[in-house]
Protein chains: 2
Amino acid sequence: MRKLINAPADVVADALRGLAAAHPSLRVDPVGRTVVRADAPRPGKVALVSGGGSGHEPLHAGFVGHGMLDAAAPGEVFTSPVPDQILAATLAVHGGAGVLHIVKNYSGDVLNFRLAAELAEDEDVEVVSVLVDDDVAVEDGARTAGRRGTGGTLFVEKIAGALAEEGADLERVAAAAREVNERTRSFGVALSPCTVPAAGEPTFRLGEDEIELGIGIHGEPGRERVAAMTAAEIVDAALTAIDADMPVRGAEVLVLVNGMGGTPLIEQYIAYAAAAAWLEGHGATVARRLVGPYVTSLEMAGCMISVCRLTPELTRLWDAPVETPALRWGR
Amino acid sequence: MRKLINAPADVVADALRGLAAAHPSLRVDPVGRTVVRADAPRPGKVALVSGGGSGHEPLHAGFVGHGMLDAAAPGEVFTSPVPDQILAATLAVHGGAGVLHIVKNYSGDVLNFRLAAELAEDEDVEVVSVLVDDDVAVEDGARTAGRRGTGGTLFVEKIAGALAEEGADLERVAAAAREVNERTRSFGVALSPCTVPAAGEPTFRLGEDEIELGIGIHGEPGRERVAAMTAAEIVDAALTAIDADMPVRGAEVLVLVNGMGGTPLIEQYIAYAAAAAWLEGHGATVARRLVGPYVTSLEMAGCMISVCRLTPELTRLWDAPVETPALRWGR
């Protein structure tokens with residue numbers, strides 16, 4: 001196991017200490033494991049809280065800041081955060097206008113966010129939860145009932161975050177988050193597995209010259225293992241699966257070509273070239289795009305493609321200023 | 001070889017097509033292999049041109065934009081760009097105030113940039129070249145006379161770019177670039193090798209549980225191979241080497257903790273936590289910092305640390321707005 005770590009048990013706390021030292025815009029508790037906007041709570045603003053297992057960085061803590069999340073609750077690597085931790089993040093950012101929980105659809109996350117929401121409501125904090133389940137690859141699995149939440153989480157967090165920053169109420173922010181999720185599909189491909197530090201062994205094995213189509217972001221099984229393919233063939237497989245579930249013809253789309261953590265940027269751009277050509281060739285207009293490692297799976301090699309069918313309002317919210325460690329732009 | 005590519009011979013052109021499709025702010029020629037600011041040439045502005053082998057993305061093309069480079073000339077993977085290509089980039093951005101070539105100190109780059117500068121001067125374009133040689137690990141090598149240019153290149157491009165954007169003349173911009181290089185040192189560590197697509201074999205081999213201290217960004221040999229160490233020990237080795245060459249005590253420093261391409265962000269933050277603690281413990285003040293994969297080596301696992309001793313003026317220029325695909329902030 002070749003990792004730049006001190007000890008498997010310290011991975012999350014050490015990384016949070018690094019995040020704290022690097023970003024004065026964040027208030028980080030490496031022991032309680034919460035990452036909060038330094039200017040929280042913002043009175044009168046709907047607060048957005050997300051979280052999940054670590055190992056997907058920059059998701060979620062790297063998306064805490066103006067125009068996106070108010071707090072993140074990072075669990076152990078590939079392990080759900082505990083309810084107390086989610087509760088602490090919720091109470092730290094609650095500004096009187098309610099809190100939106102953005103929850104990727106994994107059984108542990110769903111359960112622990114639900115418990116945290118109940119505890120918050122005991123303290124008179126209104127919480128609405130939105131599930132993200134954008135991954136078309138498989139239905140149900142070891143970790144999930146229904147579909148998994150993956151790359152589309154970034155779209156939900158960005159767009160709902162922009163609306164909350166404008167002062168929209170909890171109902172409207174939650175509705176926008178659900179709308180983005182409903183209009184978004186993702187599909188991932190692994191070229192290599194990854195190793196959870198505490199396990200010390202790869203989460204799965206691939207034969208020489210084998211790749212896995214439809215991989216989950218924790219290395220959960222996908223649809224099939226196939227012989228190595230070109231970038232264009234991999235992108236075709238991913239977008240064909242997405243398009244079969246949500247036709248893209250005639251749509252203006254937002255596309256994320258996402259590196260899984262171990263795939264260099266030059267290859268992500270090769271995949272993006274193929275994705276843009278595929279989408280334009282199938283009657284979609286690529287109106288907005290993002291290329292980079294945003295929703296990762298430790299050092300897994302491969303990529304995930306996420307597509308959102310935009311509306312003018314979603315485009316406007318996507319373009320709104322954002323200022324976080326990992327996503328930053330202004331107008 | 002598990003790579004997200006179409007064919008080894010097409011890697012650079014395909015990636016440039018992706019870059020072009022993703023970033024309307026750039027004018028990309030995938031055949032001539034130049035990447036130019038869409039608003040170039042800027043009359044009266046000193047133009048900054050850099051380049052070098054591909055495989056280090058986002059360096060250099062990802063740094064083309066407002067407040068940084070005017071053009072980049074990407075060569076084949078780990079191979080210098082050719083003089084005609086550098087000349088084309090130079091002529092495309094020349095705005096009448098001269099052109100600064102920022103050249104990493106590798107023999108092929110030095111030679112080809114020199115030839116391109118001579119060709120440009122034949123066309124009455126004034127060119128000044130600045131060499132970057134920030135890597136303290138080794139003197140001389142297969143590719144280099146003197147020290148190698150590595151992570152510090154980002155500092156040189158950002159700070160010289162800010163000064164050029166303000167309207168400084170060629171002499172002042174070149175002097176600032178040299179000053180940054182003189183005040184910057186870097187040291188890299190490899191946890192795994194990388195494979196050039198056209199070669200199909202790793203550039204070097206590491207034994208089980210072995211890492212290489214002082215690695216070059218093309219996998220050139222470093223100082224020594226040692227048994228696997230913790231992140232804190234790796235950071236200590238890197239910063240001890242840097243500090244021995246350029247003492248940091250009493251300095252305000254800018255630090256880059258740079259992922260080499262295959263190391264996930266969570267590990268880069270673990271390394272940054274160790275680096276910040278080390279520097280503060282040795283009497284330096286970390287005034288500015290950057291954590292991420294900015295100067296990579298394909299899918300190599302590991303990290304490089306770069307340290308620049310700031311002055312108030314260099315800090316001001318570092319903070320100046322920048323708007324490029326890979327580096328973006330405003331004030």
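Me: Is the crossing in which α4(A) passes α5(A) left-handed or right-handed?
Reply: A crossing is left-handed if the near helix is turned anticlockwise from the far one by less than a right angle, and right-handed if clockwise. Helices are DSSP runs of H or I with at least four residues, strands are runs of E with at least two, and both are numbered from the N terminus. The crossing of α4(A) past α5(A) is right-handed.

Me: What kind of model is this?
Reply: Residues are numbered from 1 along each chain as its sequence is written, chains are lettered from A and ligands numbered from 1 in the order in which they are written, and side-chain values use heavy atoms, with hydrogens and water left out. Local features need pLDDT of at least 70, side-chain atom pairs count only at pLDDT 80 or more, totals for chains, interfaces and linings use all residues, and the model is predicted.

Me: How do α4(A) and α5(A) run relative to each other?
Reply: Residues 152-165 of chain A form α4 and residues 170-182 form α5, with their axes 9 Å apart and an angle of about 155° between them. Axes are fitted to C-alpha atoms, for helices over the stretch in contact, and angles run from 0 to 180 degrees between N-to-C directions. Under 35 degrees is roughly parallel, over 145 roughly antiparallel, 65 to 115 roughly perpendicular and the rest oblique. The relation of α4(A) to α5(A) is therefore roughly antiparallel.

Me: Which residues in α5(A) meet α4(A)?
Reply: Contact means heavy atoms within 4.5 Å. From α4(A) come A:Phe155, A:Val156, A:Ile159, A:Ala160, A:Leu163 and A:Ala164; the residues they meet in α5(A) are A:Arg172, A:Val173, A:Ala176, A:Ala177, A:Val180 and A:Asn181.

Me: How do α4(A) and α8(A) run relative to each other?
Reply: Helix α8 of chain A spans residues 312-319, and its axis is 8 Å from that of α4(A). The packing angle of this pair is about 85°. The arrangement of α4(A) and α8(A) is therefore roughly perpendicular.

Me: Which residues in α8(A) meet α4(A)?
Reply: On the α4(A) side the residues are A:Leu154, A:Phe155, A:Lys158, A:Ile159, A:Ala162 and A:Leu163. In α8(A) they meet A:Glu313, A:Leu314, A:Leu317 and A:Trp318.

Me: Which strands stand at the edges of the six-strand sheet in chain A?
Reply: The sheet is open and mixed, in the order β1-β2-β4-β3-β5-β6, where two strands pair if DSSP finds at least two bridges between them. Each edge strand has a single partner, so one side of it has no neighbour in the sheet; the two are β1 (26-29) and β6 (127-132) of chain A.

Me: Which loop of chain A holds A:His60?
Reply: The peptide bond from A:Leu59 to A:His60 is cis, with omega near -5°. The loop that holds A:His60 lies between β3 and β4 of chain A.

Me: What relation superposes chain B on chain A?
Reply: Copies are superposed by least squares on the C-alpha atoms of residues with pLDDT of at least 70 in both. A rotation of 180° with 0.0 Å of shift along its axis brings chain B onto chain A, with an RMSD of 0.0 Å. This is the relation of a two-fold axis.
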